[in-house]
Amino acid sequence: MTIYGYAKVPPKTPAGVLEELGWWLRWYGCTHVITDVGQGGRLTPGWRALLERVQAGDTVMLLVLSTRAARDVLDSLMGKEVTVHFLPSPLANAS
């Protein structure tokens, strides 16, 4: 069983944010972290890589995305027999 972590940020996100999200995913216990830069529901390279790697019995942890993105995530993982956890973004309350 592998624990994957996934985070995606919009293209204009400040430098360092994606690395910080990767750190948080490792803190949550993810052994493999995949990060992406992208907008909307587009199938990004990192998400494609995750879909290719994940196997039955694995766990996928995602930092909270929009409701639509969450639905798209669940749809694309449906039938793969994986556990999915949506995590609160540690940056949501950062000022």
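## A quick tour of the fold

The protein chain has an accessible surface of about 5,900 Å², and 55% of that surface belongs to carbon and sulfur atoms. Please keep in mind that this is a predicted model. The chain has 95 residues, of which 35% count as buried. Three helices and four strands make up its list of elements, and from the N terminus on they follow the pattern β-α-β-α-β-α-β.

**The sheet**

- The four strands form an open sheet in the order E2-E1-E3-E4, and the pairing is parallel.
- At the edges sit strand E2 (32-37) and E4, each of which pairs on one side only.
- On average, neighbouring strands of this sheet are turned by 20° against each other, direction ignored.
- Six bridges join E1 and E2 in the parallel sense; to pick out one of the pairings, Lys8 has Asp36 in E2 as its bridge partner.

**Helices on the sheet**

- H2 lies across E1, E2 and E3, and runs at about 150° to E2.
- H3 lies across E3 and E4, and runs at about 165° to E4.

**A closer look at H3**

- Ala70, Val73 and Leu77 are the buried residues of H3.
- These residues are on the same side of H3, because they cover an arc of only 60° around the axis.
- Their packing partners are H2, E3 and strand E4 (83-87).
- Thr67 and Arg68, on the other side of H3, are exposed.
- Just after H3 comes Gly79, with a positive phi of about 85°.

**The nonpolar cores**

- In soluble globular proteins, nonpolar side chains tend to be buried together.
- Here the largest nonpolar core has twelve residues: Tyr4, Tyr6, Ile34, Trp47, Leu50, Leu51, Val54, Val60, Leu62, Val73, Leu77 and Val82.
- Two or more residues of this core come from each of strand E1 (3-9), helix H2 (45-53), strand E3 (59-63) and helix H3 (67-77).
- H2 gives the largest share of this core, three residues.
- Another core, of ten residues, lies apart from this one, and Ala7, Leu25, Cys30 and Met61 are among its members.

**Contacts along the chain**

- Across the protein chain, 70% of the contacts between residues at least 6 apart in sequence join residues at least 24 apart.

Key: Residues are numbered from 1 along each chain as its sequence is written. This is a predicted model: local features need pLDDT of at least 70, side-chain atom pairs count only at pLDDT 80 or more; totals for chains, interfaces and linings use all residues. Side-chain values use heavy atoms; hydrogens and water are left out. A nonpolar core is a set of buried Ala, Val, Leu, Ile, Met, Phe, Trp, Tyr and Cys residues joined through side-chain atoms within 4.5 Å. Buried means under 20% relative accessible area, exposed over 50%, partly exposed in between (1.4 Å probe, protein chains only). Contact means heavy atoms within 4.5 Å. Accessible areas come from the Shrake-Rupley method with a 1.4 Å probe; for residues, only the protein chains shown count as cover. The arc is that of the directions from the helix axis to the C-beta atoms. Two strands pair if DSSP finds at least two bridges between them. Axes are lines fitted to C-alpha atoms, for helices over the stretch in contact, and angles run from 0 to 180 degrees between N-to-C directions.
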